[in-house]
Structure formats: C-alpha cells, structure tokens
Amino acid sequence: VAGVDAHVARGEALGVVGESGSGKSTLGRLMLGLLAPTGGGITFDGARLPKPGSAAWRKMRSRMGIVFQDPFGSLDPRRSVGAQVGDGLAIHRGGADRARIAALFERVGLDAQRVDAFPHEFSGGQRQRLGIARALATGPDFLMADEPVSALDVSIQAQVVKLLADLRRDLGLAMLFISHDLSVVRHLCDRVLVMHQGAIVEEGPTETVFGWPRHDRTKALLAAVPRG
C-alpha cells in the first residue's frame with residue numbers, strides 16, 4: 001500500500017473493498033501492528049503504535065482483536081475450544097478464567113457447556129463464532145474482520161454478520177471489515193474505502209459510494225455484483 005490515509009472512529013464500522021491483491025488485508029495488518037510501515041505511522045487512541053514485538057506494543061495489541069477468514073484453519077484441532085478462546089486472557093490478562101470463557105461463549109450464541117469440546121465438533125458457523133469469541137476475550141476497542149463470512153453458507157453468513165453488527169453496537173467497537181461481498185459491506189458498514197493497486201481510489205459514506213460511485217474501479221466492482 002502507498003499513500004493510504006484512513007481512520008476508524010469508536011463505534012463505527014469501516015468497510016474495505018477491492019479486488020484480490022488490492023491491498024485490503026495489508027492495510028488491516030498495518031492497522032493492527034502486525035506489519036511495520038516503511039513510512040508514516042499508525043495512531044491508536046491518540047498514541048503512535050509502538051514497534052511490533054515490544055512490551056508497549058503487546059499492551060496496546062490487547063485492545064485489538066482479529067477475526068480470520070478461515071474458521072477451520074484458524075483453530076488448533078488438538079486443543080479444546082475453551083482453551084483457545086482463553087488464549088488472549090492467558091497472554092494479556094495473566095490467566096484464563098473458566099467463567100469468563102463461558103460468558104464469551106454465551107455472548108456469541110454458543111452453549112457454555114461446550115467449552116471442553118474440540119473444533120471438529122462444531123459447524124463452520126459455530127467455529128467462526130468461536131473465532132469472534134476469541135477476538136473479544138481481552139475486551140478490545142478495535143476489531144478487524146478479514147473476510148469473516150466468505151467461507152460460510154449464505155444463511156449462516158447472515159447470522160454471523162448480524163452478530164458482528166450487534167457486538168459493534170453493544171460494545172461500541174471500532175470495526176474494520178474487509179470483504180469482497182459488497183452486499184454485506186452495504187448492510188454492515190457506515191463508511192467504505194475502495195482500494196486498487198495499493199491505494200484508496202474512493203471513500204465516503206457507504207450509501208453514497210455505492211449509490212453514486214465516482215471512480216471507474218468502484219463502478220466495475222458494483223457492476224460485477226450478481227443480480228438476483
């Protein structure tokens with residue numbers, strides 16, 4: 001990415017769209033501090049994001065969560081799901097309390113009695129809910145969701161998107177939502193960035209950008225949406 005200037009406000013969902021290779025995930029990783037920028041910097045809650053790997057960075061990272069695209073590959077099949085949801089608590093809060101883990105299960109619509117189960121005992125949608133619970137474990141202020149519903153059936157996608165919308169509203173999260181699915185972005189996000197070849201080519205309120213696109217790349221993306 002180059003020359004990108006973006007921000008996400010508390011309680012806001014910012015969508016990032018663009019074709020594969022446009023820089024969407026790279027932008028997200030930069031904002032989380034998982035990649036170090038070669039120029040410029042990332043500011044979180046008024047402070048410059050510290051160098052990745054430092055103690056100050058780890059402390060700030062506890063206020064950020066990520067939901068991965070693949071609900072199957074992002075969970076370790078050899079460990080119980082409760083242990084994995086509690087990883088963030090163990091790393092950043094000094095210990096994973098079973099009651100806290102059970103509360104996280106309930107928060108994302110899962111049976112708290114299944115904390116000792118293993119990933120293969122859950123459906124794809126349930127595994128993505130586990131991923132969301134894991135991202136929420138440390139009480140983040142900022143949540144990045146990178147294509148979180150692309151691997152799910154359409155009916156399950158709607159349930160997971162609703163869960164994310166409810167969590168954003170109830171917890172006041174700042175959310176970065178990366179997706180190829182423009183209909184999901186339109187439903188969930190307040191603003192949208194359109195990326196192409198590592199740059200932002202259009203941005204604004206979601207309904208404005210999708211309703212009156214200005215850039216040719218935005219028009220092409222909208223034209224590619226299947227019509228039912």
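Val 16 stands opposite Leu 193 in strand S7, where strand S1 (residues 13-17) and S7 (residues 191-196) pair in the parallel sense over 4 bridges. Two strands are taken to pair if DSSP finds at least two bridges between them. Helices (H or I, at least four residues) and strands (E, at least two) are DSSP runs, numbered from the N terminus. The model is predicted: local features need pLDDT of at least 70 and side-chain atom pairs count only at pLDDT 80 or more, while totals for chains, interfaces and linings use all residues. Residues are numbered from 1 along each chain as its sequence is written, and side-chain values use heavy atoms, with hydrogens and water left out.

The pairing of S1 with S7 belongs to an open sheet of 6 strands in the order S4-S5-S6-S1-S7-S8, with mixed pairing. S4 and strand S8 (199-205) are the edge strands, each pairing on one side only. From one strand to the next the twist averages 15°. Axes are lines fitted to C-alpha atoms, for helices over the stretch in contact (heavy atoms within 4.5 Å), and angles run from 0 to 180 degrees between N-to-C directions. Helix H6 lies across S4 and strand S5 (142-146), running at about 170° to S4. Helix H10 (residues 216-223) lies across S1, S7 and S8, at about 105° to S7.

In helix H1, Lys 24, Leu 27, Gly 28, Leu 30, Met 31 and Leu 32 are buried; buried means under 20% relative accessible area, exposed over 50%, and partly exposed in between (1.4 Å probe, protein chains only). The cover of these buried residues includes S1, helix H2, S4, S5, strand S6 (174-178) and S7. Gly 33, which follows H1, has a positive phi near 80°.

Pockets were located on a 1 Å grid over the protein atoms alone; a pocket is an open set of points with protein on both sides within 12 Å along at least five of seven lines, in contrast to a cavity, where a 1.4 Å probe fits but cannot get out, and lining residues have an atom within 4 Å of a point. Grid points are joined across faces, edges and corners, and a volume is the space filled by probe spheres set on the points. The largest pocket holds about 680 Å³ of space. Of its 30 lining residues, Ala 6, Met 31, Gly 41, Ile 42 and Thr 43 are the closest to the centre. Helix H1 (24-32) and strand S2 (43-44) each give two or more residues to this lining, and H1 gives the most, with 4. The lining comprises 16 nonpolar, 8 polar and 6 charged residues, where Ala, Val, Leu, Ile, Met, Phe, Trp, Tyr, Cys and Pro count as nonpolar, Asp, Glu, Lys and Arg as charged, and the others, Gly among them, as polar.

The second largest pocket holds about 390 Å³. It is lined by 17 residues, of which Arg 61, Ile 66, Gly 88, His 92 and Arg 134 are the closest to its centre. Helix H4 gives the most to this lining, with 4 residues. By class, the lining has 7 nonpolar, 6 polar and 4 charged residues.

Most residues other than glycine have a negative phi. Glu 147, in the loop between S5 and helix H7 (154-171), has a positive phi of about 50° and is buried at 7% relative accessibility. Gln 197, in the loop between S7 and S8, has a positive phi near 55° and is exposed, with a relative accessible area of 67%.
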